[in-house]
Amino acid sequence: MGPPLFSADFSKRGLILKEILETAAPWALEDSRELYGIDHWGSRYFGVSPEGDVTVRLRKGDSWSDVSIHSLAQGAQERGLCMPVLFRFRDILDSRIILLNESFAKAIREYGYKGEYRGVFPVKVNQQQEVISEIVRAGRKYHHGLEAGSKAELIAALGYMHDPESYIVCNGYKDEEFIDLALYGNKLGLKVIIVVERPGELELVLSRAEKARVKPSLGLRIKLTAKSEGHWTESGGDKSIFGLTALQITESVDLLRERNMLDCLELLHYHQGSQLPNIRNIRIALTEACRYYAELKREGARMGILDIGGGLAVDYDGSKTNFASSKNYSMEEFCYDVVEIVMSTLDAEGVEHPVIVSESGRSLVAYSSVLVFNVLDINKAAHDEIPEELPESCHSYLKNLRETARSITAKNAQEAFNDAIYYRDELHSLFIHGTISLREKSLADRIFWHVINKIVRTTRQMDYIPEDLTGIDRVIHDTYYGNFSIFQSLPDSWAIDQLFPIMPIHRLREEPRRPAVLADITCDSDGKIDRFIDLQGVKNSLLLHDLKSDEEYFLGIFLVGAYQETLGDLHNLFGDTNIVSISLDDEGTVVYEHETKGDSVADVLSYVEYDPNELIRGFRSLAERAVRCRLLAPKERREIVEAYEAGLRGYTYYEW
Ligand SMILES: *Cc1c(COP(=O)(O)O)cnc(C)c1O
């Protein structure tokens, strides 16, 4: 037996705690699953292997196989793909497309709904060629189409979507060229629908259609009154900058009637915003939209398609609540509710059932990408050991602080906290004024953190925690430096405080004991993650393992397939990460495909208009000057110039 856990005067509660500590079962896999919530947010795509690795479920012939993401990361490294690496899993994307379409099909069958479902994937959610071509391929069976919000997105869509039964829905601000391209799509036999979203746009569309001599397929985007909640509420509702008001809708209908073109108006569209956590708001908005739909039909428009926009949410924290990073409904419930509302509202109005379109993006692609990175270093904030004795000559406040540290009990924790703050502040000003030395200042900091640590441990055993001390444990955490850039790979974490599941991808049989926040390798103070998912609210730190000297420590950030890739920017000139797609062949051997090298330093510099050749010329002449001035031998010049050139060719992240 080692030394006793508590000193001789421990309380009764201490005794019980000691017993619990000594008899507690050792850390098990189950504890890691619970701690990181993987069974809640993983949606069965992600799990934990008996060896303690995070696994991803991939298709192997006709069955499924769980593959360790840790081994995938090692495999990527062996192939020369340095961390950070973004892994894409095509099987997950396919399975989401199937799930959405089959869920709608099931609801339609069970309710006896007379229309169909036709999804369109909004290109802006993940524009990567590999993703778009896979959606077109896997969605073909369901005639799953695309939504384009800009000219460039339409151009991309027209390159891949050639199924005449699928829809291409055009939203966003449209100039003549955008409209012409959409009309040419119609000429080529595709179903391209131009959605009018601002007053005045209709005139332009009609005149371009006349010129191109095609009959356009038109839609109207309406501005709903129904409010929603979540991060993106401003993109729907009265305040939305998009969509037509009731008055503008009647004006549009009048214009179409005047031109004898009411039969071109086929679609009604609205978009409440992305990540709608509450099914109630989805139902309210849809009911309102159905009223507009019925009225347009009554006005004599052709109609036939009801496009309910995006908003189908992802349960990032796994809590199944209406919290912003969650949702209180399943995909299946969503489909049932949508079909049921459209059916009951329109039946009551005696209107035929339309084709239902949803522009679900996030829910289709979020699960299919995982960012993996290695931890470079830890800054251990809380110092737990302090010297037994202080030098006789040191300042009396230091001795007082030391005394405070010695005498902490549950009873005086609050008082000790106040004293510690007081002495720390006083000692700080003594340092500023030159009264104490750097050595004394450093000692003061150490003792101060020792006091805070001790208070945190004490509060953990208290039934009632004084107000000043609640949340004090939040200040005690380590900083783990991750080899990635939040600005490049996780822009929504920085811009709108979105939460993503984050966890180690191995060592899950070991107990993680260090409360940590994550810092990236940009030198920006915003380059950190200090809010983590939790079933109850948000955690301010994440428990992680200590680093081992002989093994790298890898973390994964999950559910990053939607919006994160192209919103990212070049903060501190960290560029695109390496990307690789993973699948299994029929024997279950891992296939690494579509390997995309991340940006090199030369790439990112050229994005901001540097010319790499000119940089090399400049550096060479600097080196030559050093040789002339005899600061360098010619041989050293060669070595230094080579290092500069290798730096330009290299990855922007930490390499070794
Ligand atoms: C962004 C956007 C979407 C995608 O919404 P998700 O919530 O990701 O499904 C759909 N439609 C429009 C008009 C959008 O702007």
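Where is Pro84 found? Pro84 sits in the loop between α4 (69–78) and β4 (85–89). Everything here comes from a predicted model, where local features need pLDDT of at least 70, side-chain atom pairs count only at pLDDT 80 or more, and totals for chains, interfaces and linings use all residues. Residues are numbered from 1 along each chain as its sequence is written, and side-chain values use heavy atoms, with hydrogens and water left out.

**View A. The cis peptide bond at Pro84.** Met83 and Pro84 are joined by a cis peptide bond, with omega about 0 degrees. Most peptide bonds are trans. Helices (H or I, at least four residues) and strands (E, at least two) are DSSP runs, numbered from the N terminus.

**View B. A positive phi at Asp497.** Look in the loop between α18 (491–495) and β15 (502–504) for Asp497. Its phi is near 55 degrees, a positive value in a residue other than glycine. Most residues other than glycine have a negative phi.

View C. The ligand is surrounded by 17 residues (a heavy atom within 4 Å). The closest are Lys124, Ser274, Glu359, Gly361 and Tyr563. For polar contacts (pairs of N or O atoms within 3.5 Å), start with Lys124: an N or O atom in its side chain is 2.5 Å from a ligand oxygen atom. The side chain of Tyr563 has an N or O atom 2.6 Å from an oxygen atom of the ligand.

**View D. Helix α8 against helix α9.** Helix α8 (residues 176–187) packs on helix α9 (residues 201–212) at about 50 degrees, with axes (lines fitted to C-alpha atoms over the stretch in contact) 10 Å apart. Contact (heavy atoms within 4.5 Å) is made by residues including Ile179, Leu183 and Tyr184 of α8 and Leu204, Val205 and Arg208 of α9. By class, this contact has seven nonpolar, no polar and four charged residues.

**View E. Helix α14 against helix α15.** Here helix α14 (residues 396–406) and helix α15 (residues 413–432) pack at about 155 degrees, axes 10 Å apart. So α14 is roughly antiparallel to α15. Among the residues in contact are Tyr397, Leu398 and Leu401 of α14, plus Tyr422, Tyr423 and Leu427 of α15.

Definitions and conventions. Axes are lines fitted to C-alpha atoms, for helices over the stretch in contact, and angles run from 0 to 180 degrees between N-to-C directions. Ala, Val, Leu, Ile, Met, Phe, Trp, Tyr, Cys and Pro count as nonpolar, Asp, Glu, Lys and Arg as charged, and the others, Gly among them, as polar. A polar contact is a pair of N or O atoms within 3.5 Å; within protein, one must be able to donate a hydrogen and the other to accept it, and residues adjacent in sequence count only if both atoms are side-chain atoms. Angles under 35 degrees count as roughly parallel, over 145 as roughly antiparallel, 65 to 115 as roughly perpendicular and the rest as oblique.
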